[in-house]
Each structure stands twice: as structure tokens, then as C-alpha cells.
Amino acid sequence: MKLFFEQRYPLITGLLTFTAGAIFLNNVSSAKMLRELAGPAINASAIATGFLATMQTILLAIDNREVIRRLKAMNYQGHNYYNTLLNYLISAIKACFMVALVSTAGYLADEKNIPWWLKYAAAFWTGLATYAVAACYRVISIMAVILRHGQEDCK
């Protein structure tokens with residue numbers, strides 16, 4: 001994957017989802033969606049945050065492996081691969097944590113007294129959740145390659 005696209009596709013997918021939500025959602029459907037999905041979103045994002053923190057621990061635990069030493073030594077267009085991976089990991093953790101925080105506001109959505117801005121809040125929430133999923137996918141994909149190569153180094 002090209003570095004330019006790799007760095008930006010979580011943001012691009014999040015912005016596209018936000019835009020679609022702002023155009024197509026209405027206030028009544030937004031209130032129902034937020035109320036129904038807030039609990040599962042909190043659980044899923046909390047689990048993802050824990051999973052990513054574990055992944056960060058694994059990355060630090062295999063610090064002396066050859067594949068990690070090579071990552072630390074590699075640079076591309078002024079970007080160090082190891083530091084870029086850590087930044088991706090931290091970004092995914094922050095995004096999942098933010099989804100959990102914003103989802104708690106979904107419990108406050110009142111279907112009887114719906115504010116005019118609720119559809120934009122729901123669009124922001126869907127965009128943030130999409131960004132978090134894409135950021136997690138990016139990190140998991142890269143870590144799978146690293147762990148596969150790390151396994152070959154042990155043989």
C-alpha cells in the first residue's frame with residue numbers, strides 16, 4: 001500500500017461516512033440509532049482499546065527481534081517505519097477511546113425532545129466509529145505482517 005494512502009485512508013473513510021450521515025440522517029432516526037447502538041459501541045470500542053494496548057505490549061516485547069530492528073533502521077520519505085507503526089497504534093487507541101466517550105452521549109439522546117443538531121452529532125459519531133475501525137484495521141494488518149516475519153526469524 002502506498003504510504004500516502006496508508007496514512008490517510010482512516011481519515012478519508014471517516015470523513016466520507018460523516019458526510020453521508022450529515023446528508024442522509026434525520027433527527028428522529030439519529031436519536032433511535034444513538035440510543036440503540038450506544039451500549040454495543042461502548043463495549044466494542046472498550047474491547048478494541050484493550051486489544052490494541054495488548055498489541056502495543058507485544059510490539060514492545062519483541063523489541064529485540066530482527067524484524068523490529070529492521071523496522072527501526074528503515075526510513076521512507078523521511079518516515080521511520082517503527083515510529084510510524086507506533087503512531088498508527090496510538091491513533092487507533094485514541095480513536096477507540098473517543099468512540100467509547102462519544103457513545104456515552106448516545107444514552108442522553110431523548111426521542112421526545114430532539115435538538116436540531118442531533119443528526120450532525122450522529123453523523124460525527126458514525127464518522128468517528130468508521131475512522132476507528134479503519135485505524136484498527138490498518139494496525140492489525142501491519143502487525144500481522146510483522147508477527148509473520150518475526151516467526152520466520154525464530155526458525
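Predicted model: local features only at pLDDT ≥ 70, side-chain atom pairs only at ≥ 80, totals over all residues.
Four helices, α1 (3-24), α3 (66-73), α4 and α5 (118-154), each give at least two residues to the lining of the largest pocket.

Which helix gives the largest share of the lining? It is α5, with 7 residues. Sorted by class, the lining holds 14 nonpolar, 3 polar and 4 charged residues.

In soluble globular proteins, nonpolar side chains tend to be buried together. The largest nonpolar core here has 34 residues, and the ones touching the most other members are Leu 52, Leu 59, Ile 68, Leu 89, Val 139, Met 143 and Ile 146. Helices α2 (27-61), α3, α4 and α5 each contribute at least two residues to this core.

Take Leu 89 from that list. It sits in helix α4, which runs over residues 81-104. Is Leu 89 buried or exposed? Its relative accessible area is 1%, and buried means under 20%, so Leu 89 is buried. Leaving out neighbours within four places in sequence, Leu 89 is in contact with Leu 52, Met 55, Gln 56, Leu 59 and Val 139.

Last, the charges. How many salt bridges does the structure hold? There are 3. One joins the side chains of Asp 63 and Lys 72, at 2.6 Å from N to O. Asp 63 is partly exposed, at 29% relative accessibility, and Lys 72 is partly exposed too, at 36%.

Glu 66 has a salt bridge with Arg 69, where the closest N and O atoms are 3.2 Å apart. These two are 3 residues apart in helix α3, so about one helical turn separates them. Glu 66 also meets Arg 70 in a salt bridge, at 3.9 Å from N to O. Here the spacing is 4 residues in α3, again about one helical turn. Through shared partners, Glu 66, Arg 69 and Arg 70 form one network of salt bridges.

Terms used. Residues numbered from 1 in each chain as written. Heavy atoms only, no water. Buried < 20%, exposed > 50% of the residue type's maximum accessible area, 1.4 Å probe, protein only. Contact = heavy atoms within 4.5 Å. Nonpolar A, V, L, I, M, F, W, Y, C, P; charged D, E, K, R; others polar. Core = buried A, V, L, I, M, F, W, Y, C linked by side-chain atoms within 4.5 Å. Salt bridge = Lys/Arg side-chain N within 4 Å of Asp/Glu carboxyl O.
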